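Student: I would like to learn how to read side-chain contacts in a protein model. Could we go through them together?

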Amino acid sequence: MVDMNASDIEVKDRARRSRVDRVFSDFAAYLAPVIVVLLAMGTLVYWGRASYFASGAVQVMPMLEGIVLALSMGLLLVSVASRKWLYVLFAGWLVGNLRLTALSMGWDTQWLGQAVPESLVPLMRSLSIALYYILTYALFSQLFKTELARVGYERLQTAGRLSGVVMLAAALGLSYEQFLPFMWMLVAVAVCLVAWLLALIIRQTRSTQAVWYSIALAVVVAIGSGGVGVLAQALDLHLFDDTALHIGAAFVSSLLIALVIANSERHERQHRIRAQDELKRVYQVAPVGLFSLSLQGRLVRANPAMKELLGIASLEGERGCWENHFGRDGWIRLLDQLERDGEVEIEIQSQRLYPEQQPRSYLLKAVLENGQVEGSLQDITGHGDALSRIRLQSNQDPLTGAMNPQGIDIELRTGIERMAAGETFLLGYLELSSLKTVNNLYGKAAGDDILRQICERIKEILGIDGQLGRVTGSEFLIFFANITLEKARELAQRIIDDLLIRPLMIGSAPFRFQCAVGLVELKHAHIEPGDALVVAKRAARTARKQQGAQVVVQQYNARELADQSLELRLLREFTSAFSTDGFSVVMQPIMSLSDPFGSLNFEVLLRKHDRKGVAVHTGKLISAAEESGVMTRIDEWVVSTTLEWLDANQSRLENTAFVCVNLNGMSLNDPHFVESFFATFQRYQHVARKLLIEITETVALQDLDTTRTFIARLQAMGARVALDDFGAGYTSFAYLKMLPANALKIDGAFVRSMTEHPTDIAIVRAIVTLARSLNMFTIAEWAEDIPTLRMLKDLGVDYVQGYVVSRPQQPELISKARHSASFIDDHKTRQFVSYYVRPNGDDSSRML
């Protein structure tokens, strides 16, 4: 009964406050403006009859200006304190209203009792009108911002705002006499626009503020335009003189707009109070726990639901301490994530205050706001088991019970987080080699059954020391937990041995499997989950290439992974979606040692830049392209780009006898690439004859018959072949008689150090002698100084390539050159080439 009485009293109190608010609202909306108008009319009548503003009363203006300026400064201070732009506009508008009144009465030649220079009076009048116009429209837009958004017509409103800029430009650019007619025209349009918008606002919102603003606008327009004076003369009324009318217009308009602003502020305050009351009610009845928490870990506020979740009646003493409910670790975890991200959504568990108490799980969401934690707490204990089952199913491969790619990604991220905390991350990658054969011989159902058996065996061996994840059909990832590298190696080897020794049954037929396992150990390294997967997969591929039933172990720390980071990123890029974006070619000049100023030959080299414009290391680029299987596509692009450029610049390459292009071994052994290459060659045969295709010994020996067929076909179409890095392999001289090449490119390792090692000189001399006997020409790579250049010339080498001549150049520079020697920057080298390099007697037979 007591509670009911208290509730009734509260309801009656609210009703009483509501009635009082309504009385004040009606007074502010209707009675106060009427009193203002009547007061203004009475004052005007008194002033008019008493001739208060008779001739010579201009001395009143400094006092009015001082009062208005003081009022404007007060409004500016209020705007700073309340951070409201509306007060700034109103302060400026009051000063503008005063200046416009002074202009109407001819009192604007003074300001605060001081005479304005006569030369500045016209400009000040124009600027006063323009600025008053801008401030009036801005004040209108700010006062009725919400209502204008509702009525629409955005373009018209934008035109109204832009008209102020036009008015200001006219004030600055036109004389006062020219400005006045333009001003009246623009004002007339603007008044119509504002009046129409006000009519729409009144019709749609029934706003009393819009009504009083319309009256204020009508008073200003009627008196300011002289309409009231004309009407008074027509009716032969002489209640007021012109001065009193202008003062009255300023007085009435200022008071009415002040009342509109006051009403607007009052409505805003009432809306804010209602919103706060509503928020308080929601806060109290919300079904989830809502709380505010200080950075010292004390609960500042908590709604009833929060107190019920914590089992407390108040926040006093230890009951308001966060750690007492969720532990020290829970508090540190919350603070760490808030400092890092600014917000948090985590699952936490309550402290067990006594042994028989069951811990409960909660979903915590919180943000850091104004120096304290604002958050919510929801009991999810009942959902825990169901969520765990759903989570397990969504992360599990339905066929084998191993983790699926989603589960693998989660486990990878967890392992990387533990590694960041100082733990070692052990990862195994397993590749089965015969599963496709089983599917082809016995069908997919038999293959699926074999997969299940294999996974059961692997899980049995791993026990609690590891988890299995299925990456693709026959590739698996093994996550080792809390064991040493040696223990992980032992488990991996047991898996290999078990699948190889113990046959799996397909019906009554036994079947043994070979597999390769790569094991990687990562320590103190920052790595992305995708890169960790690639590192493990590369270890497995290394194991497969060794063709032995042994585990390959690779260990990486942060520095070693950083060295591979570029290659890993390229692998990920090429594997996900290959694109030639960022690829380009440069061209390194190759200078003739018998006619350096009469030939322009060069080698085409591949380059790539990343999205930031940084050059990618070419060696890592080639390695990643080979491993990801996109090397043939890159070679296709290089050949096509080169031939297109040769075709476009054919007329400028009269001195070019050959253009070197490297082809990768993967490309030469790919039938699709070979056919595509010759199709492109046929299309550009008129310039493709200049190609000198470079093939390395390693590539040639992979499939000697295929390489010989390719060379013969290429030479039949008019192009030539060079054996690259000649002399680097043990069999270089032996296989030379089986490959009908046109040129030998001497391996740069012999050239770079030949002035220091007589053995290198002997090897280069032997290569040159051999080439001459087989009617081949020679190209020496990696020539870097004048002594090397002199030695190569003396040994009879035909062409030289290296930094002593030039670094790789952009194609547009090559097309503008006449000979390779033009790229030599060093003055001494140019002198040496000019005076020392001359044709040998027997050079002509080998020159192209």
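**Reading side-chain contacts**

Tutor: Buried means under 20% relative accessible area, exposed means over 50%, and partly exposed lies in between (1.4 Å probe, protein chains only). This is a predicted model, so local features need pLDDT of at least 70 and side-chain atom pairs count only at pLDDT 80 or more, while totals for chains, interfaces and linings use all residues. Residues are numbered from 1 along each chain as its sequence is written, and side-chain values use heavy atoms, with hydrogens and water left out.

Student: Which residue forms an aromatic pair with Phe-677?

Tutor: A pair of aromatic rings is described by the distance of the centres and the angle of the planes. Rings of Phe, Tyr and Trp (its six-membered ring) pair if their centres lie within 6.5 Å; planes under 30 degrees apart count as stacked, over 60 as edge-to-face and the rest as tilted. Phe-677 pairs with Phe-710 in a tilted arrangement, 5.6 Å centre to centre with 45° between the planes. Phe-677 belongs to helix α23 (residues 671-683) and Phe-710 to helix α26 (residues 704-716), so the pair ties together parts that are 33 residues apart in sequence. Helices (H or I, at least four residues) and strands (E, at least two) are DSSP runs, numbered from the N terminus.

Student: Is Phe-710 buried or exposed?

Tutor: Phe-710 is buried, with a relative accessible area of 5%. Both rings are part of one aromatic cluster, formed by Phe-673, Phe-677, Phe-678, Phe-681 and Phe-710.

Student: How many aromatic pairs does a search of the whole structure find?

Tutor: The search finds 16 aromatic pairs. In one of them, the rings of Trp-322 and Phe-326 have their centres 4.6 Å apart and their planes at 40°, so this pair is tilted. Trp-322 and Phe-326 are four residues apart in helix α12 (residues 322-341), which separates them by about one helical turn. Trp-322 and Phe-326 are buried.

Student: Where does the charged end of Arg-807 sit?

Tutor: A charge sits over a ring if NZ of Lys or CZ of Arg is within 6 Å of the ring centre and within 35 degrees of the ring normal. The charged end of Arg-807 is over the ring of Tyr-803, 4.0 Å from its centre. Arg-790 lies over the face of Tyr-836, at 5.1 Å from the ring centre.

Student: What about salt bridges?

Tutor: Side chains of opposite charge can pair when their charged atoms come close. A salt bridge is a side-chain nitrogen of Lys or Arg within 4 Å of a carboxyl oxygen of Asp or Glu, and by this rule the count is 13. One of them joins Lys-745 and Glu-781, whose closest N and O atoms are 3.3 Å apart. This pair links distant parts of the chain, with Lys-745 in strand β20 (residues 743-746) and Glu-781 in the loop between β21 (777-780) and α30 (786-795), 36 residues apart. Lys-745 counts as buried at 0% relative accessibility, and Glu-781 is buried with a relative accessible area of 10%. Through shared partners, salt bridges join Glu-603, Glu-694, Lys-745 and Glu-781 into one network.

Student: How many disulfides are there?

Tutor: A disulfide is a covalent bond between the sulfur atoms of two cysteines. With the rule of a pair of cysteine sulfur atoms within 2.5 Å, the count comes to zero disulfides.
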